[in-house]
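My notes follow in the order in which I looked.

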Amino acid sequence: MCCSLPKVTVSLPVSTSATLAAPVARIRGPEKRIGLTLLALFISLLVLIVLGIQSGQVALSWQQVWQTLLDPATATVQERVVVWELRLPRLVLGMLVGSALAVSGAALQGLFRNPLADPGLLGVASGAALGAVACIVLAGSVLAPLHDLLGRHALPVMAFA
């Protein structure tokens, strides 16, 4: 062999183990706060779901909402239709759209490592506007086959493209 590396030994003082354990104890505080915050947010979400189902043209009480959600067989037909076919799907769709927007915003901010990043940073909004305007202006000429193929869906497809 050409060369050999010398062996290096490191000895740590006895008090180092106590020093290494100290930061672990400090980490538990923020983790506990995060857990409590997530619990509070989850409870708030449940309360807002019930309020979202309760409010509307047909007035429903808390008891009627809980009874219809937990045991639909005992609720009236009107309560079942209002809760299960009108308000609950609207609420679930709103939560899904909101979570999709939150994930896309977080992904954009993480991609650019900028907490203030928005779709205007890349020109996403301007590009969508350009596609929509092109579809509106050119629907009778150049984009007529696309407009005939997609019909009323041509505008959102061009904005997305």
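**P156.** I started with P156, which sits in helix 6 (residues 154-160). Helices here are DSSP runs of H or I with at least four residues, strands are E runs of at least two, and both are numbered from the N terminus. P156 is partly exposed, at a relative accessible area of 47%. I use buried for under 20% relative accessible area, exposed for over 50% and partly exposed for in between, with a 1.4 Å probe and protein chains only. I also checked P156 against G131: 25 residues separate them in sequence, and 8.7 Å separates them in space, C-alpha to C-alpha.

**Ground rules.** The model is predicted, so I note that local features need pLDDT of at least 70 and side-chain atom pairs count only at pLDDT 80 or more, while totals for chains, interfaces and linings use all residues. Residues are numbered from 1 along each chain as its sequence is written, and side-chain values use heavy atoms, with hydrogens and water left out.

**Whole chain.** I counted 6 helices and 0 strands in the protein chain. The pattern along the sequence reads α-α-α-α-α-α. Of the 161 residues in the protein chain, 15% are buried. I then looked at contacts (heavy atoms within 4.5 Å). Among those with a separation of 6 or more, 29% join residues 24 or more positions apart.

**Helix 4.** Helix 4 covers residues 124-138, 15 residues in total. From first C-alpha to last, helix 4 reaches 21 Å, close to the 21 Å expected at 1.5 Å a residue. The expected span is 1.5 Å times one less than the number of residues. Which residues of helix 4 are buried? They are G131, A132 and C135. Seen down the axis, these buried residues fall within an arc of 95°, so they line one face of helix 4. The arc is taken from the directions from the helix axis to the C-beta atoms. On the face turned away from the buried side I found the exposed residues S126, L130 and V137. The cover over the buried residues of helix 4 includes helix 5 (144-150) and helix 6.

**L143.** I moved on to the loop between helix 4 and helix 5, where L143 lies. L143 counts as buried because its relative accessibility is 18%. Leaving out residues up to four places away in sequence, L143 touches A134, C135, L138 and M158. I also looked up L143 against A154: they are 11 residues apart along the chain, and their C-alpha atoms are 9.4 Å apart.

**Q54.** Q54 is in helix 1 (residues 16-54). Is Q54 buried or exposed? Q54 is buried, because its relative accessible area is 19%. A polar atom of the Q54 side chain lies 3.2 Å from the backbone oxygen of L60. Beyond four places in sequence, Q54 touches L60, S61, W62, V65 and R87.

**E79.** L60 came up again here. E79, in helix 3 (residues 77-112), is in contact with L60, Q64 and T68, neighbours within four places left aside. The E79 side chain makes a polar contact with the side chain of Q64, at 2.9 Å. A polar contact is a pair of N or O atoms within 3.5 Å; within protein, one must be able to donate a hydrogen and the other to accept it, and residues adjacent in sequence count only if both atoms are side-chain atoms. E79 is buried yet has no salt bridge. A salt bridge needs a side-chain nitrogen of Lys or Arg within 4 Å of a carboxyl oxygen of Asp or Glu. The nearest side chain of opposite charge is R80, 7.6 Å away. Lys and Arg count as positive, Asp and Glu as negative; His and the chain ends are not counted.

**A75.** A75 lies in the loop between helix 2 (62-70) and helix 3. At 7% relative accessibility, A75 is buried. I listed its contacts outside four places in sequence: Q67, T68 and R80. A75 and V65 are 10 residues apart in sequence and 9.2 Å apart in space, C-alpha to C-alpha.

**R113.** I ended in the loop between helix 3 and helix 4, at R113. R113 has a positive phi of about 50°, although it is not a glycine. R113 counts as exposed, at 78% relative accessibility.
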